[in-house]
Amino acid sequence: MSDYKAIATITAVIRDIILNNQNIETASVKTLSPAKLKVPSNDTDILNLFLYQVTSNAACRNLDLPTRNQNGQMVAKPTLALDLHYLLTALSDDEIKAQLILSSAMVALHENAIISKNKIAETILDSKMNEGTSLIDSNVTNQVESLKISLEPISIEELTKLWSSFFQTSYCLSVAYTVSVVLLECPVEITPSLPVSKSQLRFVPLKQPIIEKIEPQIMTYDPTKKLVINGRNLGSDKVFVRLNGEEIEVKDRKDLSENQIRLLIPENTLAGVKQVQVLQKLLFNKNDVEGHKGHTSNVAAFVLAPNLKSVTQTGGELTLSFEPGIAENQKVNVLIGDYVINADLTTKNPKDYPLKNLTVTIPPRILDLLEGTYPVRLRVDNADSSLNNDNNSINISK
């Protein structure tokens with residue numbers, strides 16, 4: 001691969017190829033912007049080589065993928081694949097002479113359509129850039145891909161735009177060339193990989209797990225009940241269920257089949273809408289404990305409703321006992337009949353979380369309701385507790 005000096009080195013190589021052509025000994029070969037060129041005098045003719053554009057090479061654009069591992073460490077040096085676009089312009093006070101100079105240079109470039117590494121090495125040792133910076137430590141010769149010079153078909157309209165928009169000067173006889181492909185490598189240190197001590201290969205069919213249905217869709221929290229995931233291709237050597245970012249291994253093979261997974265909800269799971277995804281890992285031998293990454297399923301969702309265990313009314317206050325506990329960043333409401341009370345958690349001490357008991361003040365507008373029994377529900381992150389418990393209600397009497 002090449003370093004950052006590759007572009008300047010290639011420009012110098014092309015300039016040397018043109019200079020070594022004996023048919024243009026009377027012309028001065030320059031590498032200037034056409035905007036800086038002046039019509040030469042009788043004694044000086046000019047042949048100008050100008051790099052006007054650098055583009056990404058489509059064929060080699062993804063040569064360096066992937067460059068990082070799962071931990072973000074660099075495992076391969078990123079490679080930048082480029083095409084260089086040049087404009088070759090001949091200037092003389094005699095148009096016939098300008099045409100001779102340009103055609104002679106075109107023949108020289110056609111003869112050297114593939115730039116040899118020997119030619120690059122000669123230029124690196126002998127040439128200097130216009131600014132005076134040495135190219136002696138340029139490593140273009142280390143590039144595996146050959147550098148090819150090709151005449152670029154460019155229309156008169158494109159040429160006119162180049163001269164009028166970029167250079168803002170009168171058009172002179174010009175042709176365009178493309179040099180491809182230049183591979184630039186970033187000067188970074190990569191993380192070394194351990195050598196392979198023993199190769200292992202295993203072929204498995206492409207059977208992506210698919211979640212079709214979760215039962216129940218609304219599940220009241222109960223650490224003894226299992227969530228049922230129905231689908232296809234769910235079985236594997238090791239199976240995990242990702243529940244809201246936490247990976248839970250299905251260790252009991254009785255809870256695992258090709259079409260179903262049964263999972264106990266962890267006690268630290270918060271109420272609300274939960275996302276579920278099945279992750280599979282493959283074991284390569286009997287000593288493989290951790291396993292290797294396999295297929296992943298689609299994402300499905302279910303609602304984990306809070307379990308409102310008891311409701312106690314003391315005057316104008318209501319105390320609720322429930323599970324699972326409420327986290328500090330959750331949104332909590334208490335529903336009395338059709339009325340909603342926003343629970344203010346800002347006064348709670350962070351050390352009290354997760355909360356399993358909550359006391360709210362009953363607003364006067366609810367106490368002024370008609371006499372009767374009103375059901376009480378707890379809403380946590382838009383998940384409502386069920387109405388199955390008849391004790392979870394309050395009586396309003398005048």
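The legends below describe close-up views of a predicted model.

In this model, local features need pLDDT of at least 70 and side-chain atom pairs count only at pLDDT 80 or more, while totals for chains, interfaces and linings use all residues. Residues are numbered from 1 along each chain as its sequence is written, and side-chain values use heavy atoms, with hydrogens and water left out.

**View 1. Packing of helix α1 against helix α3.**
Helix α1 spans residues 6-19 and helix α3 residues 117-126; their axes lie 9 Å apart and meet at an angle of about 100°. Helices (H or I, at least four residues) and strands (E, at least two) are DSSP runs, numbered from the N terminus. Axes are lines fitted to C-alpha atoms, for helices over the stretch in contact, and angles run from 0 to 180 degrees between N-to-C directions. The angle makes α1 roughly perpendicular to α3, where angles under 35 degrees count as roughly parallel, over 145 as roughly antiparallel, 65 to 115 as roughly perpendicular and the rest as oblique. On the α1 side the contact is made by T9, A12, V13, D16 and I17, and on the α3 side by K119, I120, T123 and I124; contact means heavy atoms within 4.5 Å. Sorted by class, the contact of α1 with α3 has 5 nonpolar, 2 polar and 2 charged residues. In this sorting Ala, Val, Leu, Ile, Met, Phe, Trp, Tyr, Cys and Pro count as nonpolar, Asp, Glu, Lys and Arg as charged, and the others, Gly among them, as polar.

**View 2. The open sheet β7-β9-β12.**
The sheet has 3 strands in the order β7-β9-β12, with antiparallel pairing. Its edge strands, β7 (210-215) and β12 (260-264), each pair on one side only. From one strand to the next the twist averages 25°. Two strands pair if DSSP finds at least two bridges between them. Strand β9 (residues 226-232) is joined to β7 by 5 bridges, and I210 stands opposite R232 of β9. Another 5 bridges join β9 to β12; here I229 has I261 in β12 as its bridge partner.

**View 3. The two faces of strand β12.**
In a regular strand the side chains alternate between the two faces of the sheet. The covered face of β12 holds I261 and L263, and the uncovered face holds Q260, R262 and L264.

**View 4. The aromatic pair W163 and Y171.**
The structure holds 1 aromatic pair. W163 and Y171 form this pair, with 5.6 Å from centre to centre and 80° between the planes, an edge-to-face arrangement. Rings of Phe, Tyr and Trp (its six-membered ring) pair if their centres lie within 6.5 Å; planes under 30 degrees apart count as stacked, over 60 as edge-to-face and the rest as tilted. W163 is buried, at 2% relative accessibility, whereas Y171 is partly exposed, at 41%. Buried means under 20% relative accessible area, exposed over 50%, and partly exposed in between (1.4 Å probe, protein chains only).

**View 5. Two cis peptide bonds.**
Most residues other than glycine have a negative phi, and most peptide bonds are trans. S180 and V181 are joined by a cis peptide bond with omega of about -5°, and V181 lies in strand β6 (residues 174-185). A cis peptide bond also joins Y353 and P354, with omega of about 0°. P354 is in the loop between β19 (339-342) and β20 (355-361).

N244 is not a glycine, yet its phi is positive, near 50°. The residue N244 sits in the loop between β10 (238-243) and β11 (246-249) and is partly exposed, at 43% relative accessibility. D381 likewise has a positive phi of about 50° without being a glycine. The loop that holds D381 runs between β21 (372-380) and β22 (383-384); D381 is partly exposed, with a relative accessible area of 30%.

N62 belongs to the loop between β2 (45-56) and β3 (79-91) and is exposed, with a relative accessible area of 52%. Its C-alpha atom is 8.6 Å from that of A81, which is 19 residues apart from N62 along the chain. P364 lies in helix α5 (residues 364-367) and is exposed, with a relative accessible area of 58%. Between the C-alpha atoms of P364 and G316, which are 48 residues apart along the chain, the separation is 8.3 Å.
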